[in-house]
Amino acid sequence: MRAETAAVLVCALLGAGPYLNTIPANFAFDDNFAVIYNGDVTNDANTLAGMLTHDFWGQRIASEQSHKSYRPLTVLSFRLTRKAWAALPRAWREAVIAWRSASLLPNEENEAARRGLDPLLFHAANVAAHAAASGLVAGLAYFLLRRRWSPRPLLRVQGGGGEAGGGGTGLQQARGSPGPGRGHSSGGGGNGLARGPGATTPASARPSQPGLRKRSTAAVTPQPPAPSPDATPPASAASHMFPPDPPALHAAAWFAGAAFALHPVHTEAVAGVVGHAELLCALLSVPAVRLYVSAAEAAAVRRAAPVVAPGAGGAGGRGDRGRGSGEERARGKGDAWSWGAKAAHWGAVLGAASLAVLAALAKEIGITVLGCMLAADVMLVPVVVRQPHAAHGSTAGRGGAVLRVLRWAAWEEPKLPRMALLAAVGVAYVKLRSWVAVDQLVRIYRKVENPIPFAPAALVRVLSTGHLHARYAGLLLWPRHLSADWSYNCVPLVTAVTDPRNGLTVALYGYLIWLAVAAKPWGVLRTWWRAAALVAAGVEGSTPREAHGSADEDGGTADPVAGARTKEGPGSGGGQGQGEEEGEGYAALWAARWRLLVAAGLLVGPFFPASNVLFYVGTFIGERLLYFPSVGFCLLAAEGLGGALARAEGQRPQPRTAPAGDAVGTITGARSGAAGARAAAGDGKGAAASAAEKSGGAAGVRRAVRMAVYGFMAVVLMSYALRTWSRNWDWRSEAALFTSAEQVCGASAKVQLNMGILRRRQGDMRGALEAFRRARAIEPGYCEPGYWIGLTHVNSGAPHPGITELEAALSCKYVAAEALKALNTIFKTLHDADPRDPVPIMRWGLVLVRPELGRAGEGCDSLEQAALGYARMGATQEAEEAVGRCAEAIQRGALDPGGPGAGPSAAAAEVASEVFGVTTAEARHIGPPPAQLLRCLAARLPVYRALGQAARAAASGAAQPTAAASAALASPKGPMALPSMQAAVYEYIRQVSEREPLCRRAAVSMADPDPRAQAATSPPHMHLLHLLQSLDPVDPWLQAEWGRLMRELGRAQEAVMHLSVSAVLLSQQLGLMQEGGQPTARSLRSPSPSSPSPSSTRAALNVGASLPPVSAVEALEGVAVALEEAARLRPPNACEMWRQAVEARRMLVARAVGAGDAEGYGRHSGALAGSVGEVQAGAPQCREALAAAMGLGNAKGGVAEAN
């Protein structure tokens, strides 16, 4: 089994093993919102197309309240996992759910089971995904570390025709010469690590004159292409442990894969179901990088290969096969960079870009892998100049040179088009996300979640951001203290330059700056410039050395285009670079660039979106955010340890021979060109050093160093495994998770809040209150603890302070809905316990009229119900206060413009819109008309006052001013027997009947014309009439108004009954008057006395004498109106009702004629004509009854004639 395959499999097993104890764990922390309460996961009715418009939590991503986390691929994975769970046998699922329910706390509900879910398969999927990711990282480690120890120039020049150097190693070695990594001699290849046969470099390679390097006159034997860095080793090398790779590479790659598999910082990503996004992102990103770099390198190899001439022996040894004839070359068949190769190359590039987009759809940071590909293309893949270029155009001069360069960059050399494609894909993803999400950034973070944006000064924000990065680096270096929550104030902000924690920031940034400076990335631009200069020169038919100019002894090159000396020569001998690109200096530069690539592309890049640099995010520190960036960390650590091992073995860490056809050819630790020739001839210092290394003392030191490095690796991996295994137990439940978080981040407000919630579940109410209060003390602006404090007070038997806290929590949009639900339950329970107590209804009404809820109509109905209750108790002041609070709410709603930035009501409007889905405009539309409701309140307020004063007088005999009032209160009618009470009630009924019919409706449905909306309400008018009617059930006016109210509520049968009773009662009054007696009913038309002062009970009880009795005309009118209204409801006896109503109208007309009342005659005649016309038009079946009524003035059985 190959070492790399073994590493992949072993690291995959290492990734799964330590996480097996997470599979039985429950949902914890954010898992509930991402899975249990996410309709895109649990509800199959949510379409897949709809999923593309929702965020990670199931909300509409275009909403302002969305977290803007766009991860549809992860959500789809959750849904498929849920379907897999549902496909298991029912008995298995029930057994798992029963086992899990038995492990819950006494007060903890298994919400997942209620929704048909269980976390078992979700955790198993995470473990499998992490195992696969660990194997992929091990393979990536081999892939990149091979390139780390195979330095090569970044510029290659393809020779014309069948020139031998075109596809060689860049050292112009003969077949029998030692590859720089295949022999271990004291000459030029003395630093190699491979084990092939060796021979020294020919002495003729030395320059004959100082400062001038001539082409060797020795014949160069064509040699077959050596294997690529990832090729299978030859069978002859099978006896070695890991041939042809050096042991340091294997140790480093294994360590990188194992460290990633076992790193404790990954526990949050693997043990938490939410971390599935990180795992999917890594699973797609790692293959994307490898696929892209392989495709780019393969393109460079093919483009650098010489075009085989007819009958010539090329670098690939294909000359004898007849390929590369003039006709074939014209058709491109003799060129390795054929159309088929181009298609394969671009297919692989598009595949890598597609994987990057899929990674971004799993987690947003996946798009940063495009940057890693770009960096790899710049740092690892050479640019190739193919000969000849003059053939592309015969245009001479600067214009022709520019055209050649543009053609080369845009068409021949695929590097720039490749990079442009990646940039286009990145821009397209950003545009797509902007189109879907409207706003790219999270706007709803708070100080408790990320305190940096809320820091008072820019310096504090800068220093704290730097320290944040240092803490992240600390989690990678020393993952001893881990927490599920690092929110405010777990890590205090850095407020001064003198804070010693700034030293960590300086160390981190110093390391990153050193990486960037040591890599000299600007040198890559010089290389590209030289390539463009060569293309612009349009050299044809010359050798590379002749085309490029002469190289001096220092490796500088006289540039034939620019006429300047450069330190990094363009190449020689088949494109081999000189100057910086040769010798140990370039090997160090190559290593620095490799480190910069890994640090920028696989560590800093994936972390950058969460770094709070370009924009602020909703997380201060999140361990799962380090999952993908830890790939770069593990590679850098492995490279450092591998370099230490190589030095301990007395070898340079760049041992590999670049194959012919590899990207550009590998530079060995030995010096090439003249320096290599000198080493081949024998360097005295080198021989002395070699002798010293063979001494026993040096060997012992090297052995000790090797043992120390391997021991360090073992200790690190073992400690990682043990820490990961123990940390996983913290994720088995929320109780264990936040208990461990409190040990690390006890100063975090959110940790204290969650600890309080857990203690509530355990029944420790006192401990819960302490935790909630600590959370609020840490961050006074943190509003959630108030809700939990209120709920805990209520559960502890202290409802009043609890209600106060819950009412205050209505201003917190994060718990407003839960607070409202809790208050509704509490007030309903209190009201059911004592229905006559108006306090719960009053408090509930005050809750509903709050601007946050947008339910002023419901609140006013409750407040008026409370006002009636207070009035019955004699608490007039409280009744007036209840009505006044309703009026204030209505006036505030009418005057407040609302909306963001509208002043004090902006926060309330935000809660109403975000929590309860009611905007200010919608609240006005569905709410009661302010002017109408205020008139209704003004009409009912005197009734509440009169009722309250009467009740207070009845409760205290000393307050009864007269014997008449005392007798009235003692009568069955109670307060209704008082003249002031009757006056207030009748005035109110008259206003409702004549001017304000909408006062019969509830405030909540006053603006809704739908009868069904009225039937579902309980208006204050009904509560008031019900009380008054219960005091005086034989009052005809109250009966008539009750009937009209029933009609308004859609209760026609009851309306007909009460209207008929009103007509009967008035007919009885007419009978009393006909017999010469005094009617007992009072007149509804009497003017109302002035409303008494609320504090003047004596005056209220002594207002005038009794109201005048009802007159015959008023009684007849009342009969006619009541019967007509009842008949319009089409009861079975509607025709009889019409007959009696018309008869009453005729009697009124006759009385007006007899009294000579012209005004009355006109009014009654018009009413009679209207009734007759209505019957004839709408009730033709009643024409016979109408004729009888019109022909009988005093018919027997009709309405009695009154004197």
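Trainee: Buried means under 20% relative accessible area, exposed over 50% and partly exposed in between, with a 1.4 Å probe and protein chains only. So what share of the protein chain is buried?
Mentor: Of its 1203 residues, 53% are buried. This is a predicted model, in which local features need pLDDT of at least 70 and side-chain atom pairs count only at pLDDT 80 or more, while totals for chains, interfaces and linings use all residues. Residues are numbered from 1 along each chain as its sequence is written, and side-chain values use heavy atoms, with hydrogens and water left out.

Trainee: How many helices and strands?
Mentor: There are 48 helices and four strands in the protein chain. Both are DSSP runs numbered from the N terminus: H or I over at least four residues for helices, E over at least two for strands.

Trainee: And the contacts, what fraction join residues at least 24 apart?
Mentor: 74%, taken among contacts between residues at least 6 apart in sequence. A contact means heavy atoms within 4.5 Å.

Trainee: Switching to aromatics. How many pairs turn up in the whole structure?
Mentor: The search finds 17 aromatic pairs. Rings of Phe, Tyr and Trp (its six-membered ring) pair if their centres lie within 6.5 Å; planes under 30 degrees apart are stacked, over 60 edge-to-face, the rest tilted.

Trainee: What about Tyr472 and Phe607, which type is that pair?
Mentor: Edge-to-face, because the planes are at 65 degrees, with the ring centres 4.6 Å apart. The pair links distant parts of the chain, 135 residues apart: Tyr472 is in helix α17 (residues 458-477) and Phe607 in helix α21 (residues 583-607).

Trainee: Are those two buried or exposed?
Mentor: Tyr472 and Phe607 are both buried.

Trainee: Which residues form an aromatic cluster?
Mentor: Phe27, Phe56, Trp57, Phe78 and Phe122 form one.

Trainee: Where do Arg147 and Lys342 sit?
Mentor: Arg147 is over the face of Phe143, 3.8 Å from the ring centre. The charged end of Lys342 is over the ring of Trp339, at 4.4 Å from its centre. The test is NZ of Lys or CZ of Arg within 6 Å of the ring centre and within 35 degrees of the ring normal.

Trainee: Which residues does UniProt annotate as "transmembrane region"?
Mentor: The unreviewed entry gives 120-145 and 596-619. UniProt positions use the numbering here, feature names are shortened, and annotations may be inferred rather than shown by experiment.

Trainee: What do those spans look like in the model?
Mentor: Residues 120-145 are 100% helix and 0% strand, with end C-alpha atoms 38 Å apart. Residues 596-619 are 50% helix and 0% strand, with end C-alpha atoms 27 Å apart.
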